[in-house]
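Hello,

Here is the structure we talked about. Please look through it first, then read the notes below.

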Amino acid sequence: MKKIIFVIVAVLISFAAFAQRGIPRTDNVSVSSTVVIKTIKKSESKFRFQQMPEVQVGYAFDSEYLIGGSYTAGCRFSNWLFLGCGVGYAHSWREWLPIYVHFRGYFSKRPFKPYASLSLGGVIYSYDYAEYLYDYAPDFGFHGEFSIGVEIPVHEKINLIAGVGISQMGVPVKIGISF
């Protein structure tokens, strides 16, 4: 009887000590007559901030080349959905500055995650000043881009992004990272 009372007191003291230290409690508690085993699960939040800088090269509809880059930041709501906003720069015979809202959906929880993304927003663009020296005023327009690609894990929270898209500027091939 003394052993049972001793074990109950030891368990209560250990629970009080864990509560004092702020260690989160979980549902996985098993108690035997001699040993108390408590496992603490790492809580993995599905809601997290994510950043994606990318570089792009490709074919522009109005010239032979398209080079540029973009930066997108937002929230990853689950393993399946990302929503953010971004800004980019692209150069062909025009200079493009798109500002957009970015939606990205993932099709798998596996390490190699295929995705489809849609960017919608506005763009500020200007013509090359060498050809249009007196008409260099910027114009405003609609920006829309659809792309598909894959996200490949490189480190614990760093992923490599590779994809191809289509937009009003052309057909860019994008390579970047997400963290």
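**Nonpolar cores**

The largest nonpolar core has eight residues: Ala60, Leu66, Ala90, Trp96, Val123, Tyr125, Tyr127 and Met169. A nonpolar core here is a set of buried Ala, Val, Leu, Ile, Met, Phe, Trp, Tyr and Cys residues joined through side-chain atoms within 4.5 Å. Buried means under 20% relative accessible area, exposed means over 50%, and partly exposed is in between, with a 1.4 Å probe and protein chains only. Strand 7 (residues 113–127) gives this core its largest share, three residues. Strands are DSSP runs of E with at least two residues, and helices are runs of H or I with at least four; both are numbered from the N terminus. As background, nonpolar side chains in soluble globular proteins tend to be buried together.

Before going further, note that this is a predicted model, in which local features need pLDDT of at least 70 and side-chain atom pairs count only at pLDDT 80 or more, while totals for chains, interfaces and linings use all residues. Residues are numbered from 1 along each chain as its sequence is written, and side-chain values use heavy atoms, with hydrogens and water left out.

**Tyr125 and Arg94**

What does Tyr125 touch, leaving aside its neighbours within four places in sequence? Tyr125 is in contact (heavy atoms within 4.5 Å) with Arg94, Glu95, Trp96, Pro138, Asp139, Phe140 and Gly141. Arg94 belongs to strand 6 (residues 94–106) and counts as buried because its relative accessibility is 15%. With neighbours within four places again left out, the contacts of Arg94 are Asp62, Tyr125, Ser126 and Tyr127.

**Strand 10 and its partners**

Two strands pair if DSSP finds at least two bridges between them. Strand 3 (residues 48–60) and strand 10 (residues 170–178) run antiparallel and are joined by seven bridges; Tyr59 stands opposite Val171 of strand 10. Strand 9 (residues 159–167) also pairs with strand 10 in the antiparallel sense, over six bridges, and a hairpin of two residues joins strand 9 to strand 10. Ala162 stands opposite Ile175 in strand 10.

**Salt bridges**

How many salt bridges does the structure hold? There are four, each defined as a side-chain nitrogen of Lys or Arg within 4 Å of a carboxyl oxygen of Asp or Glu. In one of them, Arg104 is paired with Glu54, and the closest N and O atoms are 3.7 Å apart. Arg104 lies in strand 6 and Glu54 in strand 3, so this pair ties together parts that are 50 residues apart in sequence. Arg104 is buried at 2% relative accessibility, and Glu54 is buried at 9%.

Lys174 also forms a salt bridge with Glu54, at 3.8 Å between the closest N and O atoms. That pair links strand 10, which holds Lys174, to strand 3, which holds Glu54, 120 residues apart. Lys174 forms another with Glu145, at 2.6 Å between the closest N and O atoms. Glu145 is in strand 8 (residues 139–153) and Lys174 in strand 10, so the two tie together parts 29 residues apart in sequence. Both Lys174 and Glu145 are buried. Through shared partners, salt bridges join Glu54, Arg104, Glu145 and Lys174 into one network.

**Cysteines**

A search of the whole structure finds zero disulfides (pairs of cysteine sulfur atoms within 2.5 Å). For Cys75, the nearest cysteine sulfur is that of Cys85, 9.4 Å away.

Regards
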